[in-house]
Amino acid sequence: MPNEEESKKALDDAGTFREEDPSRYYEIIGKLGAGGFARVFKVQHKKNKSICALKFIEPKNQKERNMIKNEVGLMMLCKDNHGIIKCLEAFDYKSKLWLFLEIMDEPLTPIVESY
């Protein structure tokens, strides 16, 4: 079992954020939703035409930013688990976090209510 330092390094390595403009690679198709934490858009990759979700986050402070970056690191470490939505790419651009996620084909509510 890794110690705390090894775990932190693994999260940092897995949760690498690109620092370039993500609009060079993705085009917004439509808005999927919004909440107090983020706005979510349906986007298309400009080159390979794949569809995914963009979770656009404006962290309120450094603590929130670090929490989100840790979450992305965990998602990347668990990318082979079919029960977890995959984070395809992550960008930290103009003080905003842009998470490109696997898009769900069906609403989440019926899945959650079935448990």
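**Cores, rings and cysteines in a predicted protein model**

The largest nonpolar core of this protein consists of 12 residues: F17, A38, I57, I68, V72, M75, M76, C87, A90, L97, L99 and L101. A nonpolar core is here a set of buried Ala, Val, Leu, Ile, Met, Phe, Trp, Tyr and Cys residues joined through side-chain atoms within 4.5 Å. Buried means under 20% relative accessible area, exposed means over 50%, and partly exposed lies in between (1.4 Å probe, protein chains only). At least two residues of this core come from each of α2 (62-77), β4 (87-93) and β5. Helix α2 gives the most, with four residues. In soluble globular proteins, nonpolar side chains tend to be buried together.

The structure is a predicted model, in which local features need pLDDT of at least 70 and side-chain atom pairs count only at pLDDT 80 or more, while totals for chains, interfaces and linings use all residues. Residues are numbered from 1 along each chain as its sequence is written, and side-chain values use heavy atoms, with hydrogens and water left out.

The protein contains three helices and five strands, arranged along the sequence in the pattern α-β-β-β-α-β-β-α. These elements are DSSP runs numbered from the N terminus: helices are H or I, at least four residues, and strands are E, at least two. Of the 115 residues in the protein, 29% are buried. A contact means heavy atoms within 4.5 Å. Among contacts between residues at least 6 apart in sequence, 46% join residues at least 24 apart.

Rings of Phe, Tyr and Trp (its six-membered ring) pair if their centres lie within 6.5 Å; planes under 30 degrees apart count as stacked, over 60 as edge-to-face and the rest as tilted. By this rule there are four aromatic pairs. The ring centres of F56 and W98 are 4.8 Å apart and the planes stand at 80 degrees, so this pair is edge-to-face. It joins distant parts of the chain, since F56 belongs to strand β3 (residues 51-57) and W98 to strand β5 (residues 96-101), 42 residues apart. Both F56 and W98 are buried. The pair of F91 and F100 is also edge-to-face, because its ring centres are 5.6 Å apart and its planes are at 80 degrees. F91 and F100 are buried as well, and ring pairs link Y25, Y26, F91 and F100 into a cluster.

Charged side chains also meet rings. A charge sits over a ring if NZ of Lys or CZ of Arg is within 6 Å of the ring centre and within 35 degrees of the ring normal. R18 lies over the face of Y25, 4.7 Å from the ring centre, and the charged end of K69 sits over the ring of F17, at 4.9 Å from its centre.

How many disulfides does the whole structure hold? A search finds zero, where a disulfide is a pair of cysteine sulfur atoms within 2.5 Å. The cysteine sulfur closest to that of C87 is in C52, 9.5 Å away, which is too far for a bond. C87 is buried, because its relative accessible area is 7%, whereas C78, at 30% relative accessibility, counts as partly exposed.
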